[in-house]
Amino acid sequence: TLESVPVCRHAYVLEYSLHHKTPVWVAHLLRPEYTVGCLARDDTFEADLSIPRAHRVSPSDFRSSGYDMGHMVSSADMSWDELVMRESFIMTNIAPQLPWFNRGIWRRLEDQTRAWAQERKHPLLVYTGPIYSGIYTAAIERDKMILIPDEYFKVIVDTETREVLAFRIPHKPSSDSLSTFLTDTAKISAVTGLKIPLPQGHISSSRLWPSKLKSTRLAKSIICAT
(Lines give C-alpha, C1' and ligand atoms only; values in the text may rest on other atoms or scores of the structure.)
Protein backbone atom coordinates (compact mmCIF):
# COMPACT_ATOMS: atom_id res chain seq x y z
CA THR A 1 0.00 0.00 0.00
CA LEU A 2 1.01 3.66 -0.06
CA GLU A 3 1.58 3.42 3.70
CA SER A 4 4.01 0.51 3.58
CA VAL A 5 7.08 -0.57 1.64
CA PRO A 6 8.64 -3.99 0.96
CA VAL A 7 12.18 -4.65 2.13
CA CYS A 8 14.26 -7.60 0.90
CA ARG A 9 17.38 -8.78 2.74
CA HIS A 10 19.69 -11.71 2.04
CA ALA A 11 17.91 -14.00 4.54
CA TYR A 12 14.53 -12.40 5.25
CA VAL A 13 11.83 -10.22 3.73
CA LEU A 14 9.38 -7.82 5.33
CA GLU A 15 6.77 -5.15 4.83
CA TYR A 16 7.46 -1.93 6.74
CA SER A 17 4.70 0.42 7.89
CA LEU A 18 5.52 4.07 7.29
CA HIS A 19 2.73 4.98 9.71
CA HIS A 20 3.51 2.61 12.59
CA LYS A 21 7.29 2.75 11.96
CA THR A 22 7.51 -0.97 12.66
CA PRO A 23 7.32 -4.04 10.40
CA VAL A 24 3.86 -5.19 9.33
CA TRP A 25 5.25 -8.71 8.97
CA VAL A 26 8.64 -10.37 8.56
CA ALA A 27 9.26 -13.78 6.96
CA HIS A 28 12.31 -16.01 6.90
CA LEU A 29 13.30 -19.62 6.27
CA LEU A 30 14.92 -21.34 9.24
CA ARG A 31 16.92 -24.36 8.05
CA PRO A 32 18.13 -26.95 10.60
CA GLU A 33 21.78 -26.09 9.90
CA TYR A 34 21.11 -22.41 10.68
CA THR A 35 20.23 -23.30 14.28
CA VAL A 36 23.84 -24.15 15.10
CA GLY A 37 25.40 -20.94 13.79
CA CYS A 38 28.24 -19.86 16.03
CA LEU A 39 28.70 -16.15 15.38
CA ALA A 40 28.46 -13.96 18.47
CA ARG A 41 25.59 -11.48 18.65
CA ASP A 42 26.56 -8.32 16.77
CA ASP A 43 24.45 -5.75 18.70
CA THR A 44 25.14 -2.94 16.21
CA PHE A 45 21.70 -1.52 15.47
CA GLU A 46 21.47 0.62 12.32
CA ALA A 47 18.84 2.82 10.67
CA ASP A 48 17.50 1.56 7.34
CA LEU A 49 18.69 4.15 4.83
CA SER A 50 16.28 2.82 2.18
CA ILE A 51 13.36 4.27 4.18
CA PRO A 52 12.46 7.98 3.68
CA ARG A 53 14.01 10.07 6.46
CA ALA A 54 10.65 11.18 7.88
CA HIS A 55 9.65 7.55 8.45
CA ARG A 56 13.06 6.16 9.36
CA VAL A 57 13.73 4.88 12.89
CA SER A 58 17.15 5.20 14.52
CA PRO A 59 18.50 3.39 17.60
CA SER A 60 18.60 6.76 19.38
CA ASP A 61 14.79 6.94 19.16
CA PHE A 62 14.65 4.15 21.76
CA ARG A 63 17.06 5.81 24.19
CA SER A 64 15.52 6.10 27.68
CA SER A 65 12.17 4.96 26.28
CA GLY A 66 11.86 1.96 28.59
CA TYR A 67 11.53 -0.37 25.60
CA ASP A 68 13.93 -2.86 24.06
CA MET A 69 14.63 -2.89 20.34
CA GLY A 70 12.89 -6.20 19.75
CA HIS A 71 13.90 -8.37 16.81
CA MET A 72 11.19 -9.83 14.59
CA VAL A 73 13.68 -12.16 12.90
CA SER A 74 15.82 -13.33 15.80
CA SER A 75 19.50 -12.47 15.49
CA ALA A 76 20.27 -16.00 16.75
CA ASP A 77 18.49 -17.38 13.65
CA MET A 78 21.03 -15.41 11.62
CA SER A 79 24.19 -16.47 13.48
CA TRP A 80 25.33 -18.67 10.59
CA ASP A 81 26.64 -15.78 8.46
CA GLU A 82 28.20 -12.41 9.26
CA LEU A 83 26.23 -10.45 6.67
CA VAL A 84 22.80 -11.82 7.56
CA MET A 85 23.57 -11.39 11.27
CA ARG A 86 24.38 -7.72 10.65
CA GLU A 87 21.21 -7.26 8.61
CA SER A 88 19.07 -8.57 11.47
CA PHE A 89 20.03 -5.42 13.42
CA ILE A 90 18.67 -3.02 10.78
CA MET A 91 15.83 -1.08 12.38
CA THR A 92 13.15 -2.18 9.90
CA ASN A 93 13.41 -5.61 11.59
CA ILE A 94 12.74 -4.03 14.99
CA ALA A 95 9.63 -3.23 17.06
CA PRO A 96 9.32 -1.87 20.62
CA GLN A 97 9.17 -4.59 23.26
CA LEU A 98 8.94 -4.39 27.03
CA PRO A 99 12.25 -5.65 28.45
CA TRP A 100 10.86 -8.69 30.31
CA PHE A 101 8.62 -9.59 27.40
CA ASN A 102 11.57 -9.49 24.98
CA ARG A 103 13.90 -11.36 27.32
CA GLY A 104 11.22 -13.70 28.65
CA ILE A 105 8.30 -15.26 26.77
CA TRP A 106 9.44 -13.89 23.38
CA ARG A 107 12.93 -15.29 23.78
CA ARG A 108 11.49 -18.63 24.90
CA LEU A 109 9.46 -18.82 21.69
CA GLU A 110 12.51 -17.95 19.57
CA ASP A 111 14.61 -20.61 21.33
CA GLN A 112 11.86 -23.17 20.94
CA THR A 113 11.47 -22.42 17.23
CA ARG A 114 15.16 -23.18 16.66
CA ALA A 115 14.80 -26.38 18.66
CA TRP A 116 11.92 -27.49 16.44
CA ALA A 117 13.92 -26.77 13.29
CA GLN A 118 16.89 -28.75 14.59
CA GLU A 119 14.95 -31.74 15.89
CA ARG A 120 12.41 -32.05 13.07
CA LYS A 121 15.23 -31.73 10.52
CA HIS A 122 12.96 -29.77 8.19
CA PRO A 123 13.20 -26.12 7.06
CA LEU A 124 10.64 -24.01 8.88
CA LEU A 125 9.00 -20.99 7.27
CA VAL A 126 8.46 -18.38 9.98
CA TYR A 127 6.16 -15.35 9.84
CA THR A 128 6.41 -12.79 12.65
CA GLY A 129 4.90 -9.41 13.37
CA PRO A 130 3.12 -6.99 15.69
CA ILE A 131 -0.60 -6.70 16.38
CA TYR A 132 -2.30 -3.36 17.00
CA SER A 133 -5.75 -3.62 18.51
CA GLY A 134 -6.35 0.12 18.44
CA ILE A 135 -7.62 -0.03 22.02
CA TYR A 136 -4.44 0.25 24.09
CA THR A 137 -1.96 1.32 21.41
CA ALA A 138 0.63 3.79 22.68
CA ALA A 139 3.75 5.26 21.13
CA ILE A 140 7.34 6.14 21.84
CA GLU A 141 7.23 9.92 21.48
CA ARG A 142 10.65 11.26 20.67
CA ASP A 143 11.59 12.65 17.27
CA LYS A 144 9.12 10.18 15.75
CA MET A 145 5.91 8.45 16.84
CA ILE A 146 6.84 4.76 16.96
CA LEU A 147 3.70 2.80 17.77
CA ILE A 148 3.94 0.16 20.50
CA PRO A 149 2.27 -3.17 19.63
CA ASP A 150 -0.47 -4.53 21.87
CA GLU A 151 0.40 -8.13 20.94
CA TYR A 152 2.77 -10.11 18.73
CA PHE A 153 2.24 -13.09 16.46
CA LYS A 154 4.43 -15.87 15.11
CA VAL A 155 3.36 -18.49 12.58
CA ILE A 156 5.66 -21.49 12.01
CA VAL A 157 5.21 -23.77 9.00
CA ASP A 158 6.99 -27.11 8.62
CA THR A 159 7.70 -27.02 4.88
CA GLU A 160 7.76 -30.84 4.58
CA THR A 161 4.92 -32.04 6.82
CA ARG A 162 2.79 -28.90 6.18
CA GLU A 163 2.04 -28.66 9.91
CA VAL A 164 1.43 -25.16 11.23
CA LEU A 165 1.83 -23.63 14.68
CA ALA A 166 0.37 -20.16 15.30
CA PHE A 167 1.00 -18.01 18.37
CA ARG A 168 -0.64 -14.77 19.53
CA ILE A 169 1.04 -13.33 22.62
CA PRO A 170 -0.07 -10.22 24.58
CA HIS A 171 2.72 -7.66 24.88
CA LYS A 172 3.43 -8.10 28.57
CA PRO A 173 5.76 -10.29 30.67
CA SER A 174 4.52 -13.85 31.16
CA SER A 175 5.72 -17.06 32.74
CA ASP A 176 2.91 -19.09 31.15
CA SER A 177 3.59 -22.08 28.93
CA LEU A 178 3.88 -21.35 25.23
CA SER A 179 0.88 -23.62 24.70
CA THR A 180 -1.24 -20.93 26.40
CA PHE A 181 -0.76 -18.70 23.37
CA LEU A 182 -1.57 -21.19 20.62
CA THR A 183 -4.18 -19.92 18.19
CA ASP A 184 -5.03 -20.40 14.53
CA THR A 185 -3.96 -18.35 11.56
CA ALA A 186 -7.55 -17.27 10.80
CA LYS A 187 -7.69 -15.38 14.10
CA ILE A 188 -4.35 -13.70 13.37
CA SER A 189 -5.58 -12.74 9.90
CA ALA A 190 -8.81 -11.36 11.36
CA VAL A 191 -7.03 -9.01 13.76
CA THR A 192 -4.15 -7.97 11.47
CA GLY A 193 -5.82 -7.99 8.05
CA LEU A 194 -2.96 -10.14 6.74
CA LYS A 195 -3.43 -13.15 4.50
CA ILE A 196 -0.65 -15.49 5.62
CA PRO A 197 0.45 -17.84 2.81
CA LEU A 198 0.13 -21.47 3.88
CA PRO A 199 0.78 -24.68 1.92
CA GLN A 200 -2.15 -26.43 0.31
CA GLY A 201 -3.53 -29.07 2.65
CA HIS A 202 -1.80 -27.58 5.69
CA ILE A 203 -2.50 -29.04 9.12
CA SER A 204 -3.13 -26.64 12.03
CA SER A 205 -1.49 -28.02 15.18
CA SER A 206 -3.46 -27.65 18.41
CA ARG A 207 -0.53 -28.77 20.57
CA LEU A 208 3.13 -27.82 20.76
CA TRP A 209 5.41 -30.04 18.73
CA PRO A 210 7.59 -32.38 20.86
CA SER A 211 11.14 -31.19 21.46
CA LYS A 212 14.07 -31.47 23.83
CA LEU A 213 15.23 -27.89 24.16
CA LYS A 214 18.15 -28.73 26.47
CA SER A 215 19.46 -31.27 23.98
CA THR A 216 19.42 -28.77 21.11
CA ARG A 217 21.22 -26.20 23.23
CA LEU A 218 23.83 -28.80 24.11
CA ALA A 219 24.29 -29.71 20.45
CA LYS A 220 24.91 -26.08 19.56
CA SER A 221 27.39 -25.60 22.43
CA ILE A 222 29.37 -28.69 21.36
CA ILE A 223 29.46 -27.67 17.69
CA CYS A 224 30.47 -24.09 18.48
CA ALA A 225 33.11 -25.22 20.97
CA THR A 226 34.84 -27.22 18.24
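Tutor: We will go through the pockets, then the cavity. Keep in mind that this is a predicted model.

Student: How does one look for empty space at all?

Tutor: Rolling a probe the size of a water molecule over the atoms shows where empty space is left. Here, the largest pocket has a volume of about 680 Å³.

Student: Which residues lie nearest the centre of the largest pocket?

Tutor: S74, A76, R107, D111 and R114 do, out of a lining of 26 residues.

Student: Which element gives the most to that lining?

Tutor: α2, with eight residues. At least two residues each come from β4 (68–71), α2 (99–120) and α4 (213–225).

Student: What volume does the second largest pocket have?

Tutor: About 240 Å³. Its lining counts 13 residues, with H20, V24, P130, Y132 and T192 closest to the centre. β3 (23–30), β6 (124–131) and α3 (185–192) each supply at least two lining residues. By class, the lining of this second largest pocket divides into seven nonpolar, five polar and one charged.

Student: How many cavities of 30 Å³ or more does a search of the whole structure find?

Tutor: One. The volume of the largest cavity is about 30 Å³.

Student: Which residues line the largest cavity?

Tutor: H28, D77, E110, T113, V126 and K154. Three of the lining residues are charged, two polar and one nonpolar.

Methods: Residues are numbered from 1 along each chain as its sequence is written. This is a predicted model: local features need pLDDT of at least 70, side-chain atom pairs count only at pLDDT 80 or more; totals for chains, interfaces and linings use all residues. Side-chain values use heavy atoms; hydrogens and water are left out. On a 1 Å grid over the protein atoms alone, a cavity is a set of points where a 1.4 Å probe fits but cannot get out, and a pocket is an open set with protein on both sides within 12 Å along at least five of seven lines; lining residues have an atom within 4 Å of a point. Grid points are joined across faces, edges and corners, and a volume is the space filled by probe spheres set on the points. Helices (H or I, at least four residues) and strands (E, at least two) are DSSP runs, numbered from the N terminus. Ala, Val, Leu, Ile, Met, Phe, Trp, Tyr, Cys and Pro count as nonpolar, Asp, Glu, Lys and Arg as charged, and the others, Gly among them, as polar.
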